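Student: I am new to this structure. Please take one part of it and walk me through it closely, in short steps.

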Amino acid sequence: MSASTDPQTNSRGIPQAPFVDDVEKFVDSREEIETNLKKFQEMIAQYQFMEVNTERRGAALRDKIPDIQKTLDTVSFLKGRKSSSKPFEATFELNDTLYARANIPATEEVYLWLGANVMLSYPIDEAATLLKGKLDAAKESLRNCEEDMDFLRQQITTLEVNTARLYNYEVTLKRKEREEAEREEKGKKGGK
Amino acid sequence: MNRRMLSREDESTTEVTVTREDQDHINKFSTLHQKQGLLKDELEKKSQEKEYIEDVSNELELADEDDLIPYKIGDSFLHLPLEEVMQLLEANKEEVGKEVKEIVEKMGANERVMSGLKVELYSKFGKAINLEV
């Protein structure tokens, strides 16, 4: 079975599913059909497992990206204000459904929450660069995730098609056998 | 989706060999098809956003020049003079407009590839394949 030793992978090392070119050559006997069908099922399950994981990673990124974007928007706004020194008033979210007012004077630095109970002060320009980098990285990962999802789905489709064709081949074989048996039966009766 | 059983006659015509290349085309078609759905959703969302921004811009035409408008950036509302809010909205509108255009272009390109694949696949598989939704 040369098909199963296909070493091709996508850009992140997910192996490509084998493809059955010619069903009749793929299996030598009826018994092999069953085991191959089972093998395809197993591979589908593996791909589906990867699919679930990739989907989860993508969902996390889709959550994260708007957050970064929002922060970047705010920092960009503050950056644009640098020159005008007049403070402005803001209503900010203190907690869910609770808003407070604050006077924001022109500022040179912002504090970014880095997670793990750490907050760091950055000059505005540096903060913007950092956030932009994070945003681009997150978008890139999401793109990769989506590419992987497409790839995984394609492999699953390929395997499903393999399964269907192998199964149909078995049905055809069975029918042929039955028809042959019937013909023999008839032949015997006619001979009497 | 309406499934139909293949009759015995149809079945005989299905015995066209599917090559790896054909399978790749089928996979590509299915991926694009699915992507079109996602893009359509995104387009709807963006168009809605654009509409909102336009509504707000029109609404603000009526506002008093000296009023401070709470403009939302991130999670906070910033109280800004009308003129500045209008500028921000204008920039925002342009941005969203660009995104909408990009999506429309992407969908058009996908559509072209899909119809190409459709022609190819139908001419080879005829009744044995169903690419309609």
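This is a predicted model: local features need pLDDT of at least 70, side-chain atom pairs count only at pLDDT 80 or more; totals for chains, interfaces and linings use all residues.

Tutor: Start with A:Glu89. Its bridge partner in S2(B) is B:His79. S1(A) and strand S2 of chain B, residues 76–81, run antiparallel and are joined by three bridges.

Now stay with A:Glu89 and look within chain A. A:Glu89 also forms a salt bridge with A:Arg101. Their closest N and O atoms are 2.4 Å apart. The pair links distant parts of the chain, with A:Glu89 in strand S1 and A:Arg101 in strand S2, 12 residues apart. Why might such a pair form? Side chains of opposite charge can pair when their charged atoms come close. Over all chains, the structure holds 16 salt bridges.

The strands that carry this pair are themselves partners. S1(A) and S2(A) run antiparallel, with seven bridges between them. One bridge sets A:Phe92 against A:Ala100 in S2(A). The two strands form a hairpin, and two residues lie between them. In that turn, A:Thr97 has a positive phi of about 60 degrees. So S1(A) pairs with S2(A) by seven bridges and with S2(B) by three, given that at least two bridges make a pairing.

Cross over to chain B. S2(B) pairs with strand S1 of chain B, residues 68–73. That pairing is antiparallel and has six bridges. B:Leu68 stands opposite B:Pro81 in S2(B). Here too the strands form a hairpin with two residues between them. B:Gly74 in the turn has a positive phi of about 60 degrees.

Next, widen the view to the whole interface. The contact takes 28 residues from chain A and 22 residues from chain B. Together the chains bury about 2200 Å², with 48% of it on carbon and sulfur atoms. Two salt bridges are found across the interface. One salt bridge joins B:Asp75 to A:Lys70, with the closest N and O atoms 2.9 Å apart.

Which elements supply the chain A side? Helix H2 (30–81), strand S1 (88–95), strand S2 (98–104) and helix H3 (124–191) of chain A each give at least two residues. The largest share, eight residues, comes from H3(A). By type, the chain A side divides into 10 nonpolar, six polar and 12 charged residues.

UniProt, in an unreviewed entry, lists residues 128–162 of chain A as "coiled-coil region". In the model, that stretch is 100% helix and 0% strand. Its end C-alpha atoms are 51 Å apart.

Strand S3 (residues 109–115) and strand S4 (residues 118–123) of chain A pair in the antiparallel sense over six bridges. A:Glu109 stands opposite A:Pro123 in S4(A). Two residues lie between these strands, and A:Ala116 takes a positive phi near 50 degrees.

Go back to A:Glu89 to finish. A:Glu89 has B:His79 as its bridge partner in S2(B), and A:Glu89 forms a salt bridge with A:Arg101.

Key
Residues are numbered from 1 along each chain as its sequence is written. Chains are lettered from A and ligands numbered from 1 in the order in which they are written. Side-chain values use heavy atoms; hydrogens and water are left out. Helices (H or I, at least four residues) and strands (E, at least two) are DSSP runs, numbered from the N terminus. UniProt positions are given in the numbering used here, feature names are shortened, and annotations may be inferred rather than shown by experiment. Contact means heavy atoms within 4.5 Å. Buried area is the accessible area (1.4 Å probe) that two parts lose on being put together, summed over both. A salt bridge is a side-chain nitrogen of Lys or Arg within 4 Å of a carboxyl oxygen of Asp or Glu. Ala, Val, Leu, Ile, Met, Phe, Trp, Tyr, Cys and Pro count as nonpolar, Asp, Glu, Lys and Arg as charged, and the others, Gly among them, as polar.
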